[in-house]
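Biologist: Could you take me through this model before I set up any calculations?

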Amino acid sequence: MKANNGKILWVDDEIDLLRPHIMFIESKGYEITTATNGYDALDLCKQGDFDLVFLDENMPGLSGLETLSRIKELNASLPVVMITKSEEENIMDMAIGSKISDYLIKPVNPKQILLSIKNNLHKREIINEAARTGYQQSFTKLGLQINDRLDIDQWKELYKQITYWELELERVGGGMDEIVKMQKADANKMFARFVAANYADWIASPDARPLMSHDVMKRCVFPLIDKGEKVFLIVMDNFRYDQWKSVAGMLGEMFYVDEGLYFSILPTATQYARNAIFSGLMPLQIAKLYPSLWVDEDNDEGKNLNEEQLVGTLMERYRRRNTYSYNKIYDSPGADKLLPQLQALMKNDLNVLVVNFIDMMSHARTESKMIRELASDEAAYRSLTRSWFEHSSVRDLFAALSRLDCTIVLTTDHGSINVSNPVKIVGDKNTNTNLRYKLGKNLSYNPKEVFEIKRPETVQLPSPNLSTAYVFATGNDFFAYPNNYNYYVSYYKDTFQHGGISMEEVMIPIVTLRGKNK
């Protein structure tokens, strides 16, 4: 039967001794062409297309390394497996530097050869099939977990598992990613119920709640400082767990990584969550203790202009004498400007850096047709995050920090979710504009479609008016007004929003990084 699994060129000056190996590989459906020297191998490469080359390193005449170099000149993408009797490091370095795909040490056996073929020709197919099979086996288990009465840690683990499969099947395609998407939507419905049922108790009972925004400094940053470590707290605004996973590999090359998740407070919006991080207080407490540092929703003043002062209030309340700095980075030039200052910043016990790019990208995607096309779906949004990080000066900043004797706490204030389902709501002219949460005194909505908090003070949220209520969108819902409804829906559908309740918005990364190169 005609071979159809792949065409292989095998080059060895003792090829006759390898005839049993060749027959075994041919029996597996591969077509093998042989050569006994480098010159004949080059001629064959010029005449025909091969999927893989096995190349003996020690041949008379044209050596294996010289043949390898010339094969790569003819076809740079053709995978070459070097077979050698020598394990000398310099030979391996030269071969690897010439971009071999694999190497084997003589004597080789047929199963080694077959494994190398599969690794080089069919690795993607095997991995893809394994991913599909793995998710199919996990699907039922995840479905049962979603409908179970999960605790805080179990919800974190479930979200990690769903994200893992989302990223795995993103590469595979074939419709499996759509199944994960539907399963995540089911999980988000149950997660919203979990948060709604427990949120008030979490705020009232610090010992029984998950780590939340206003706990981060006290429970994650101060203990490191107390151990004598120099800490850089880097807050990447609107940085979801899946986006962290998309850049984790790059940071893992530079740092030892300790990864976790924590819960954003509600609303999962910068004004509330990030101010809670820096102050160590809930929004109502900030408004009462430091009224000049809290800006109500209906005020046109910037909502995050007082972050440095809020860090100062936290230090004062805890009577901490630690030195600290605060910087905000909007773009690569901002990171470039900070790089020369790192040595001077090391004099501080704590350095707070806010990186705003991802939040800006999210808003730009809503407003810009071009950015929306570049980040057309979840996978593309992650890819854009990864590409930005890989080529930005923020990566250079992390690289520089990896060489210093410091500890990085990398986190965010909230995540975001791709919204698709409009939910009608009516409010007066003073109602805030956020699409995932609303607060006001005359809100009209279907209570079955939202999570409502009619007494904000019970969850430490400020009330601009006595009758103020907060309502939160859940799952992939977003709020839309009845007037000009169709235009509003078409404009905001399939955009990334935050402020409401979903796993993506609420369960967010908090990662400790310690440099490998310091």
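This is a predicted model: local features need pLDDT of at least 70, side-chain atom pairs count only at pLDDT 80 or more; totals for chains, interfaces and linings use all residues.

Biologist: Fine. What are the dimensions of the C-alpha trace along its principal axes?

Modeller: The trace spans about 90 × 55 × 40 Å. The protein contains 21 helices and 19 strands.

Biologist: How many residues are there, and what share of them counts as buried?

Modeller: There are 518 residues, and 53% of them count as buried.

Biologist: Charges next. How many positive and negative side chains are there?

Modeller: The protein has 60 positive and 69 negative side chains. The centres of the two sets lie 5 Å apart.

Biologist: Now the six-stranded sheet. What is the strand order?

Modeller: The order is S7-S19-S10-S6-S9-S8, in an open sheet with mixed pairing. Strands S7 (255–263) and S8 (324–329) each have a single partner strand, so one side of each lacks a neighbour in the sheet. On average, neighbouring strands are turned by 15° against each other, direction ignored.

Biologist: Which way do S6 and S9 run relative to each other, parallel or antiparallel?

Modeller: Strand S6 (residues 231–236) and strand S9 (residues 350–355) run parallel and are joined by six bridges. Within this pairing, Phe 232 has Asn 351 of S9 as its bridge partner.

Biologist: Which strands does helix H10 touch?

Modeller: Helix H10 (residues 241–252) packs on the sheet and touches S7, S10 (407–411) and S19 (507–515). Its direction makes about 170° with that of S7. Helix H13 (residues 307–317) also packs on the sheet, where it touches S8 and S9. The direction of H13 makes about 155° with that of S8.

Biologist: Changing topic: where is Val 450?

Modeller: Val 450 sits in the loop between strand S14 (444–445) and strand S15 (451–453).

Biologist: Is that residue buried or exposed, and why?

Modeller: Val 450 counts as buried because its relative accessibility is 12%, and the cut-off for buried is under 20%.

Biologist: Which residues is Val 450 in contact with, leaving aside neighbours within four places in sequence?

Modeller: Val 450 is in contact with Tyr 445, Val 471, Phe 472 and Phe 479. As for Arg 436, 14 residues away along the chain, its C-alpha atom is separated from that of Val 450 by 9.9 Å.

Notes:
Residues are numbered from 1 along each chain as its sequence is written. Side-chain values use heavy atoms; hydrogens and water are left out. Helices (H or I, at least four residues) and strands (E, at least two) are DSSP runs, numbered from the N terminus. Buried means under 20% relative accessible area, exposed over 50%, partly exposed in between (1.4 Å probe, protein chains only). Lys and Arg count as positive and Asp and Glu as negative; His and the chain ends are not counted. The place of a charge is taken as NZ of Lys, CZ of Arg, CG of Asp or CD of Glu. Two strands pair if DSSP finds at least two bridges between them. Axes are lines fitted to C-alpha atoms, for helices over the stretch in contact, and angles run from 0 to 180 degrees between N-to-C directions. Contact means heavy atoms within 4.5 Å.
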